[in-house]
Amino acid sequence: MIQKREIFRQCFDGFDYDRIAAYTEADIERILTCEGMIKSRRKVEAVIHNARCFQKVREEYGSFSSYIWSFSRGKTILYAGHQKGNIPACNALSRQVSQELRKRGFKYLGPVTVYSHLQACGVINDHVEGCFRYRDIVEHYPTVKKREKE
C-alpha cells in the first residue's frame, strides 16, 4: 500500500475524510477505474465507510487524535526492549485499539496496521535510544515505560 500512496492520495482527495465520507457510487466507479489503483470494491467502500466512522469519533472525542491518545492516557509509551530493536508487528495495545475500532464499525484495521499507526502518531516510541527523536520525545513529552505484557 505504501507504494500506492500517491495514487490513493489522488483518488481520495488528499485523504480529506469529510470529502471521502460524502462519496457516492460515481466516486467508487471513478476510483476503481483509475490506473494503478486497487480493484477491490470492498476495500474502496471500506475507505469511505471508515471516513464516516472517523467523523463519528471526531464528534464524540473532539478529534481522532484525542481518541487514539486516550488509550495511553496522553503519554508516549516506551516498551522495554523495543529501543534495542525487539519490535513486534503488533502488541496488546494495538489489538485493543483494533478491537475498539471494529466495535465502532471500522473495517480493515487489524492490530498490525494499528500498531504502525500508533508508532507513526507517537503513541508508541520505538526509536532506538541513540536516535535524536527518541531523546527529543523523552525530554519534551510525557512518557511512560512499560513491559510488553502491559
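This passage walks through the predicted model of one protein chain, from its overall layout to a few individual residues.

The model is a prediction, so local features are reported only at pLDDT of at least 70 and side-chain atom pairs only at pLDDT 80 or more, while totals for chains, interfaces and linings use all residues. Residues are numbered from 1 along each chain as its sequence is written, and side-chain values use heavy atoms, with hydrogens and water left out.

The secondary structure of the protein chain comprises eight helices and two strands. Here helices (H or I, at least four residues) and strands (E, at least two) are DSSP runs, numbered from the N terminus. In sequence order, these elements give the pattern α-α-α-α-α-β-α-α-α-β. The C-alpha trace extends over about 50 × 35 × 25 Å along its principal axes. Of the 150 residues, 33% count as buried; the terms are buried for under 20% relative accessible area, exposed for over 50%, and partly exposed in between (1.4 Å probe, protein chains only). Among contacts (heavy atoms within 4.5 Å) with a separation of 6 or more, 62% involve residues 24 or more positions apart.

The chain is divided into domain 1, residues 1–62, and domain 2, residues 63–149, with bounds taken from an automatic or database domain assignment. Taken over C-alpha atoms, the centres of the two domains are 24 Å apart. How many residues of each domain take part in the contact between them? Domain 1 contributes 12 residues and domain 2 contributes 11.

The size of an interface is often given as the accessible area lost when the parts come together. Buried area in this sense is the accessible area (1.4 Å probe) that two parts lose on being put together, summed over both. For domain 1 and domain 2 the value is about 1,100 Å², with 65% of it on carbon and sulfur atoms. On the domain 1 side, Asn50, Val57 and Tyr61 supply 43% of the area buried against domain 2, more than any other three residues.

Polar contacts also link the two domains: six residue pairs are counted, both partners at pLDDT 80 or more. Such a contact is a pair of N or O atoms within 3.5 Å; within protein, one must be able to donate a hydrogen and the other to accept it, and residues adjacent in sequence count only if both atoms are side-chain atoms. The side of domain 1 that touches domain 2 has five nonpolar, three polar and four charged residues. In this grouping Ala, Val, Leu, Ile, Met, Phe, Trp, Tyr, Cys and Pro count as nonpolar, Asp, Glu, Lys and Arg as charged, and the others, Gly among them, as polar.

Side chains of opposite charge can pair when their charged atoms come close. A salt bridge is counted when a side-chain nitrogen of Lys or Arg lies within 4 Å of a carboxyl oxygen of Asp or Glu. The whole structure holds 11 salt bridges, and one is found across the interface of domain 1 and domain 2. Which distant parts of the chain does the pair of Glu60 and Arg104 link? The closest N and O atoms of Glu60 and Arg104 are 2.9 Å apart. Glu60 sits in helix H4, whereas Arg104 is in the loop between helix H6 (92–103) and helix H7 (111–120), 44 residues apart. Glu60 is exposed at 51% relative accessibility, and Arg104 is partly exposed at 28%.

Other salt bridges lie within single helices. In helix H3, Arg30 and Asp27 are three residues apart, about one turn of the helix, and their side chains meet at 3.4 Å, N to O. Arg30 is partly exposed, at 34%. In helix H4, Arg41 and Glu45 are four residues apart, again about one turn, with their closest N and O atoms 3.2 Å apart. Arg41 is partly exposed at 29%, and Glu45 is partly exposed at 33%. Arg41 and Glu45 also belong to a network of salt bridges with Glu25 and Glu29.

Two loop residues complete the picture. Cys34 lies between helix H3 (25–32) and helix H4 (41–61) and is partly exposed at 22%. Leaving out residues up to four places away in sequence, Cys34 touches Ile7, Cys11 and Lys39. Ser72, in the loop between helix H5 (64–70) and strand S1 (76–79), is buried because its relative accessibility is 7%. The side chain of Ser72 reaches the backbone oxygen of Lys75 at 2.7 Å. Beyond neighbours within four places in sequence, Ser72 is in contact with Ile77 and Val123.
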